[in-house]
Amino acid sequence: MSAPTTDRAATGVFSPGRARIGQRTLRTDRWWMPPLLTNLGLAAFVIYATVRAFWGSAYYVPEYHYLTPFYSPCVSSACVPGSSHFGTWVGELPWFIPMAFVSLPFLLAFRLTCYYYRRAYYRSVWQSPPACAVAEPHSRYTGETRFPLILQNLHRYFFYVAVLISVVNTYDALLAFRSPSGFGLGLGNIILTGNVILLWIYTLSCHSCRHVTGGRLKHFSKHPVRYWMWTQVSRINTRHMLWAWITLGTLVLTDLYIMLVASGTISDLRFIG
């Protein structure tokens, strides 16, 4: 039997090596649910993060030095007084450039090229393939050998920048323990600190970090320190997907809480100071 003569004759549904059936798949379960949920989750974060990155206000609480990660580091002269923890390097920015232009592009690149996120949006957005035993609607597959997907191989370099940005976020979280009366502790401190810890776990569980700590070694026995580091990274690497989603949630939670406090909508729950 010859393949159906349709405009989809070159796609995965009617590829030469596939059984001659008209359906895209014979699966009767809700195989489309995971890709749909992934699309909704990623879209929700992208929309929220984009809106907040260009919001331009309610990102810093001067009384307790709370600075949202979406605006760190804030190096423009237009930043709220006190929020420029690393000084001001540039003047006022046009509306289409976010305050944290130093970090956000690299963080976005780090996430986009992340091995887990590649799998997530390749399956859900690009549908390559969307699920097991479900043909993809594409006629060609070149992998990451051509532009623009070949840029995914820069992930290892974005990892180093992500580590530096995590250091910056850590400094922001530590600085937030200062209150008008000295040392202070509030709900905002707990949220900021928890977010930073989880961001470190996500960053260090990266496959590139695993390669940095244990790659190119022929004998682990001759490098006990690097072997120990590799084993620790490998433990958290097994749940890299989980950390990837959790940190999306904690980033939103941290920014939302600081926005509400900075705008005067709610007051920070203080325990000390």
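Predicted model: local features only at pLDDT ≥ 70, side-chain atom pairs only at ≥ 80, totals over all residues.
Residues are numbered from 1 along each chain as its sequence is written, and side-chain values use heavy atoms, with hydrogens and water left out.

**The largest pocket**

Select F45, A49, L107, L108 and R111, which lie nearest the centre of the largest pocket, a space lined by 33 residues. A pocket here is an open set of points on a 1 Å grid over the protein atoms alone, where a 1.4 Å probe fits and protein lies on both sides within 12 Å along at least five of seven lines; lining residues have an atom within 4 Å of a point. The volume of the largest pocket is about 800 Å³, where volume is the space filled by probe spheres set on the points, and grid points are joined across faces, edges and corners.

Next, colour the helices α1 (33-53), α2 (104-112), α3 (115-124), α4 (155-175), α5 (187-204) and α8 (240-262), each of which supplies at least two residues of this lining. Helices (H or I, at least four residues) and strands (E, at least two) are DSSP runs, numbered from the N terminus. The helix that gives the most to the lining is α1, with eight residues. Colouring the lining by class shows 25 nonpolar, seven polar and one charged residues, on a scheme in which Ala, Val, Leu, Ile, Met, Phe, Trp, Tyr, Cys and Pro count as nonpolar, Asp, Glu, Lys and Arg as charged, and the others, Gly among them, as polar.

**The second largest pocket**

Move to the second largest pocket, whose lining includes Y122, W126, S128, R140, Y141 and E144. This pocket holds about 260 Å³ of space, and its lining divides into six nonpolar, three polar and three charged residues.

**Aromatic pairs and charges over rings**

Now show the side chains of Phe, Tyr and Trp, whose rings (for Trp, the six-membered ring) pair if their centres lie within 6.5 Å; planes under 30 degrees apart count as stacked, over 60 as edge-to-face and the rest as tilted. By this rule there are 15 aromatic pairs. One of them joins W95 and F96, and this pair is edge-to-face because the ring centres are 5.7 Å apart and the planes stand at 90°. W95 is exposed, with a relative accessible area of 72%; buried means under 20% relative accessible area, exposed over 50%, and partly exposed in between (1.4 Å probe, protein chains only).

Then select Y116 and Y117, a tilted pair at 5.4 Å centre to centre with 55° between the planes. Y116 is buried at 10% relative accessibility, and Y117 is buried too, at 4%.

Keep Y202 in view and bring back R111, whose charged end sits over the Y202 ring, 4.2 Å from its centre. A charge sits over a ring if NZ of Lys or CZ of Arg is within 6 Å of the ring centre and within 35 degrees of the ring normal. Elsewhere, R270 lies over the face of Y64, at 3.8 Å from the ring centre.

**Two helix residues**

Select H155, placed in helix α4 and buried at 1% relative accessibility. The H155 side chain reaches the backbone oxygen of F110 at 3.5 Å. L251, in helix α8, is buried with a relative accessible area of 10%; a distance drawn between the C-alpha atoms of L251 and S221, which are 30 residues apart along the chain, gives 39 Å.

**Backbone stops**

Most residues other than glycine have a negative phi, and most peptide bonds are trans. With that in mind, select S72 and P73, joined by a cis peptide bond with omega near -5°; P73 lies in the loop between β2 (66-67) and α2. The bond between S128 and P129 is also cis, with omega about -15°, and P129 is in the loop between α3 and α4.

End with A58, whose phi is positive, near 55°, and which lies in the loop between α1 and β1 (60-61). H65 has a positive phi of about 60° and lies in the loop between β1 and β2. A58 is buried at 18% relative accessible area, and H65 is buried at 16%.

Terms used: Polar contact = N/O pair within 3.5 Å; in protein donor to acceptor, adjacent residues only side chain to side chain.
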